[in-house]
Amino acid sequence: VIEFAEVPIGRGGVLACEECGEGRAPEPFAASKVAAALEGVAGATPRPEGVTLAGFEPFAHPELPEIVASAVEAGFVRVRLRTDGGALGLHGNAAGVLAAGVRHIEVVLFGDPETHDRLTRREGLYQAALRGVRAFREAAASSGCGVFVSGVLPLCAHNIGVAAGAVVAFAEMGAGAVELDASRLPAADRVVLAAALDTATVNGMHAWVPDGGFAAPYDRGPWKTGDRS
Amino acid sequence: MVGVNAVGYRSLALDYLHAAAAADPRLDIAFHRFDTDVTADPWWTAYRVLRLDPAPQVVAMPVLCWTAPHVYKVAALVKAALPETRVVLGGPEVGPIAGQVLEEDPAVDAVVRGEGEIAFADVLHSYARGGDPAGIAGVTARSGSRIVEGPEREPIADLDSLPSPYPATGSRTDGSAYVETYRGCPHRCAYCYEGKGSTKIRSFGWDRIESDIRTVAGTPGMRSFSFIDPVFNLTDERLHRLSDILAPYAEKGMRLHTIEVNIERIGPEEARLLARAGVASVETGPQTVGKAALEACLRGFDEDRFRAGVTACREAGISVECDVIIGLPGDTADDVMAGIDFATSLDPGRVQVSTLHVLPGTALWDGADQAGLVFDRRPPHEVVATRDLSFADLRRLEVYGNACARAYGARLSIR
């Protein structure tokens with residue numbers, strides 16, 4: 001599996017279910033602080049070749065270009081942004097991050113388009129993310145870069161019933177892998193999760209539930225990654 | 001002569017057949033040939049045949065598992081429109097099961113088994129005289145209402161006797177030009193038909209090899225080409241010789257892509273010779289790391305030597321494509337995932353994950369029941385289930401493997 005370290009670029013998370021009311025006040029970290037963290041991770045043995053920049057919406061971070069540059073300079077050949085995707089398609093962002101060295105985009109979705117917009121209380125967010133991912137893929141295709149789009153589906157009481165529909169939404173984006181994050185559920189509904197996993201398979205995507213109690217090959221992704229907290 | 005190709009490839013077979021038949025003094029006939037690929041509509045391929053004036057007396061098509069559905073459709077359309085036209089097939093998809101093909105497909109008149117250059121010319125000679133090719137060595141054909149299997153034909157001993165498949169004007173420059181330096185394979189992998197049941201190697205002479213390389217490399221606009229040899233580094237001596245021949249072209253910028261190698265026989269010196277020859281990328285296994293599957297497929301695997309070979313290539317600036325096959329007999333899901341993990345852990349440059357196709361003429365085709373393999377008898381013969389992996393598991397592993405390969409490939413090229 002491909003090793004990804006996770007380095008926070010802020011706190012408060014990328015996106016939260018507003019129905020759960022768990023959203024924390026977002027706060028970006030200074031680029032210098034992130035660069036130091038990247039250097040620290042890059043110095044680990046063995047050094048992971050990938051890094052996920054998480055913990056804060058990257059396209060809302062005032063120093064994103066500097067942070068991505070730091071990741072590339074630190075020697076990471078796979079730089080991944082965890083994002084809500086809403087701004088990816090705006091202002092040349094997709095081509096910009098691609099040119100800066102980003103090759104992986106991980107989109108956070110809470111459900112099918114209607115559910116996603118409702119739970120995030122941001123109307124049109126799903127469509128914006130869809131446009132952003134398409135822009136990123138088109139920019140990659142025109143420049144001959146290999147890129148990978150994946151997703152995270154944070155499951156909670158408000159969207160567990162539409163998990164399979166959310167997986168279809170990821171498929172519409174052309175995602176290749178989806179992590180079903182069931183950590184917020186007191187007792188994961190295995191039937192619903194199994195349906196979501198099967199929906200992913202028939203749509204050509206790998207999906208998995210970390211620590212979901214599913215036997216291989218369900219319980220792991222294409223990569224190892226750090227703690228998301 | 002119709003070449004139906006997989007996308008991105010162009011089989012040399014039709015070039016060999018055409019060159020041999022055109023040079024045969026017995027044949028005073030006109031040839032018309034074209035290439036297409038499997039993304040084309042077979043009706044349009046048939047159109048390109050059926051619009052010819054005069055109508056062709058023989059339509060010949062090489063067949064691979066990927067191209068078979070297209071070829072069979074074209075054959076049916078041509079036969080329906082021109083019942084008197086003879087349809088001749090050949091290639092690894094139909095040769096090993098020639099009798100079955102003729103029994104099941106009334107549009108097919110003859111199947112050339114094995115190497116086709118001489119046998120195909122014999123078939124044309126037979127038709128040109130108004131006869132039928134029944135009884136010709138290496139050919140299974142209709143004779144009236146009967147299907148007659150001619151005796152086995154020995155492999156062509158003197159490959160230099162075959163006319164070069166490359167026209168004097170040069171080869172194609174679209175990345176699909178190939179050179180062949182020998183036939184046969186030293187390995188007997190149970191899923192592969194490359195060796196056709198034998199480990200005997202027949203080489204072209206060095207003069208011929210140099211001449212073919214000169215023709216291909218000298219084609220105006222040519223920037224890269226490849227070799228179809230199943231093991232480019234067959235012997236150390238051969239690798240040295242090929243490196244010597246290719247080095248002058250490499251110095252002028254010519255690059256070789258996707259050269260198949262035995263990676264376990266590559267150290268720093270061999271990698272240097274490959275790089276000197278202009279090799280930019282090589283393709284290799286491991287296909288599997290599972291002990292049971294390695295045994296069932298008659299493959300060896302030395303993890304340390306494999307890893308060292310990839311490292312040597314990488315340090316010489318050569319990208320390695322590591323292939324993993326899903327669905328080999330004996331492999332569990334954990335074995336498949338371990339193979340993918342191993343391949344990505346090498347950081348080879350590219351990881352390719354594919355699903356087993358149980359090909360006619362292979363040991364797995366003949367021993368599928370014993371090996372516990374269930375597969376689609378119709379081309380492309382994809383595995384449906386194994387003793388250890390259900391249909392659903394195979395599909396899940398496919399998406400997992402493809403996700404890993406794509407995620408691996410999404411990276412900066414700088415190191």
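Reply: B:Ala13 is partly exposed, with a relative accessible area of 29%, where buried means under 20%, exposed over 50% and partly exposed in between (1.4 Å probe, protein chains only). Please keep in mind that this is a predicted model, in which local features need pLDDT of at least 70 and side-chain atom pairs count only at pLDDT 80 or more, while totals for chains, interfaces and linings use all residues. As for bookkeeping, residues are numbered from 1 along each chain as its sequence is written, chains are lettered from A and ligands numbered from 1 in the order in which they are written, and side-chain values use heavy atoms, with hydrogens and water left out.

B:Ala13 belongs to helix H1 (residues 13–23) of chain B; helices (H or I, at least four residues) and strands (E, at least two) are DSSP runs numbered from the N terminus. Its C-alpha atom is 8.5 Å from that of B:Pro165, although 152 residues separate the two along the chain.

Let's step back to chain B as a whole. Its secondary structure comes to 14 helices and 18 strands, and its C-alpha trace spans about 65 × 50 × 35 Å along the principal axes. Chain B has a radius of gyration of 22 Å, which agrees with the value near 22 Å for a compact globule of 415 residues; the radius is taken over C-alpha atoms, and the globule rule is 2.2 Å times the number of residues to the power 0.38. Of those 415 residues, 54% are buried.

One buried residue to look at is B:Lys79, a charged side chain by class, with a relative accessible area of 15%. B:Lys79 sits in helix H3 (residues 68–81) of chain B. Leaving aside residues up to four places away in sequence, B:Lys79 touches B:Thr85, B:Arg86, B:Val87, B:Pro106, B:Ala107 and B:Asp109.

Now for some backbone details. Most residues other than glycine have a negative phi, and most peptide bonds are trans. Against that background, B:Asp53 and B:Pro54 are joined by a cis peptide bond with omega of about 5°, and B:Pro54 lies in the loop between helix H2 (42–50) and strand E3 (58–62) of chain B. A cis bond also runs from B:Gly285 to B:Pro286, with omega near 15°; here B:Pro286 is part of strand E14 (residues 281–287) of chain B. B:Gln287 counts as buried at 12% relative accessibility. B:Asp347 is a further non-glycine residue with a positive phi, about 50°, and it counts as buried at 7% relative accessibility. B:Asp347 falls in the loop between H11 and strand E16 (349–355) of chain B.

Chain B gives 21 residues to the contact and chain A gives 29 residues. Between them the chains bury about 2,100 Å², 61% of it on carbon and sulfur atoms; buried area is the accessible area (1.4 Å probe) that two parts lose on being put together, summed over both. The rule finds 3 salt bridges across this interface, each a side-chain nitrogen of Lys or Arg within 4 Å of a carboxyl oxygen of Asp or Glu. B:Asp341 and A:Arg220 meet in a salt bridge through their side chains, at 2.6 Å from N to O. Helix H11 (333–345) and helix H14 (391–409) of chain B each supply at least two residues of the side of chain B that touches chain A. H14(B) provides the largest share of that side, 11 residues. By class, the side of chain B that touches chain A has 11 nonpolar, 2 polar and 8 charged residues, where Ala, Val, Leu, Ile, Met, Phe, Trp, Tyr, Cys and Pro count as nonpolar, Asp, Glu, Lys and Arg as charged, and the others, Gly among them, as polar.

Technical notes
Contact means heavy atoms within 4.5 Å.
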